[in-house]
Amino acid sequence: MAGTIDNMITAVINLVKTNGITSLIIIVIVIHGFTSKILAWINKKDENRAPGGSTENNQEKITDDTNEHLSHGGEDCDMVPYKQTTYSEDEMKKRSQSFYEDINHRRSVRFFSDKDVPIEVIENCIRTAGTSPSGAHMQPWTFVVIKQADIKAQIRELIEEEEEINYKKRMSETWKKDLKRLRTNWEKPYLETAPYLVLVFKQTHGLTEDGQKITHYYTEESVGLSCGLFLAAVQNAGLVTLTSTPMNAGPKIRMLLNRGSNEELFLLLPVGYAADDCKVPDLKRKSLDEIMVLF
Ligand SMILES: Cc1cc2nc3c(=O)[nH]c(=O)nc-3n(C[C@H](O)[C@H](O)[C@H](O)COP(=O)(O)O)c2cc1C
């Protein structure tokens, strides 16, 4: 090996002696190009190995953020015929109009009645939410239903504790100004009045029985879609809800409900009937022209 390198060096010196400085420049360019290619190849290999690697690879790693997780196992399933339910054009127009009118009546309600609701209705709404599409069909959601008064009271306490700090310290003036028309504050009596609290948890990853991690994909999008279906089902059942975020109390509520560390509180949804004297802000929705662009 040492002999070969010596021979190469001698050959280079002879080449420079006979052909001058131009040949030296050409040799340097060739060697530089060759070593750059080798270094780029080594870097590429490292990126592929490292979880959350950098540069273009991140494009793919956004949804597959760790290579340490297991895949679902690639369980195979049969392909079955799918028969679509179709309607005449007139029927489609009527059905879509009527569905829109129903859904357009949905409002976020902050004043609840304590009137009870059969658990079957809540179960059906959650079944509906569970029909949502999800990244690679991982179904990364858990719907925790609270009916017990003492747990609702504890959740209210945890939420109000954080929400008071939010209003007094964490929220910007602009945020508070934007919320003014909704008449919200840190007091949330509805968390105890509503017959049910449905707490939607997002599973950041799944777990096998022996505790190994299973990768989940597009969890935010999947759980968000599932919650949308839940809201539509609640409306369809003639009930009301209030979409609300955990307001910084997520980790404490997760502990209270003994949820695993792979679960994050995503939304908190009281469900029931609106109070008889319930009022809602007179908000206007954007018109079709403002939200749709047709090419
Ligand atoms: C992600 C999300 C978080 C929300 N968080 C709260 C909340 O913490 N408290 C609240 O009173 N309303 C909350 N809302 C409800 C919005 O204020 C409400 O949807 C909006 O004012 C429109 O009113 P509508 O739902 O009656 O059409 C939230 C809505 C969304 C989509």
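Q: Why does Gln139 count as partly exposed?
A: In this predicted model, Gln139 has 18 C-beta neighbours inside 10 Å. Buried needs 20 or more, and exposed needs 12 or fewer. The count falls in between, so Gln139 is partly exposed.

Q: What makes Tyr218 partly exposed?
A: Tyr218 has 17 C-beta neighbours inside 10 Å. The cut-offs are 20 or more for buried and 12 or fewer for exposed. Tyr218 lies between them and is therefore partly exposed. Tyr218 belongs to the loop between β4 (213-215) and α9 (219-236). Its phi is positive too, about 45°, although Tyr218 is not a glycine.

Q: How do the axes of α5 and α9 lie, and what is the hand of the crossing?
A: The axes come within 7 Å and cross at roughly 145°. α5 passes α9 in a right-handed crossing. Residues making the contact include Asn124 and Ile126 of α5, and Leu229 and Phe230 of α9. The contact residues divide into eight nonpolar, three polar and no charged.

Q: Which residues around the ligand are charged?
A: Arg counts as charged, so Arg107 and Arg110 are the two charged residues of the shell. The shell also has five nonpolar and five polar residues.

Conventions: Residues are numbered from 1 along each chain as its sequence is written. This is a predicted model: local features need pLDDT of at least 70, side-chain atom pairs count only at pLDDT 80 or more; totals for chains, interfaces and linings use all residues. A residue is near a molecule or strand if its C-beta atom, placed from the backbone, lies within 6 Å of it. Helices (H or I, at least four residues) and strands (E, at least two) are DSSP runs, numbered from the N terminus. Axes are lines fitted to C-alpha atoms, for helices over the stretch in contact, and angles run from 0 to 180 degrees between N-to-C directions. A crossing is left-handed if the near helix is turned anticlockwise from the far one by less than a right angle, and right-handed if clockwise. Two residues are in contact if their C-beta atoms, placed from the backbone, lie within 7 Å.
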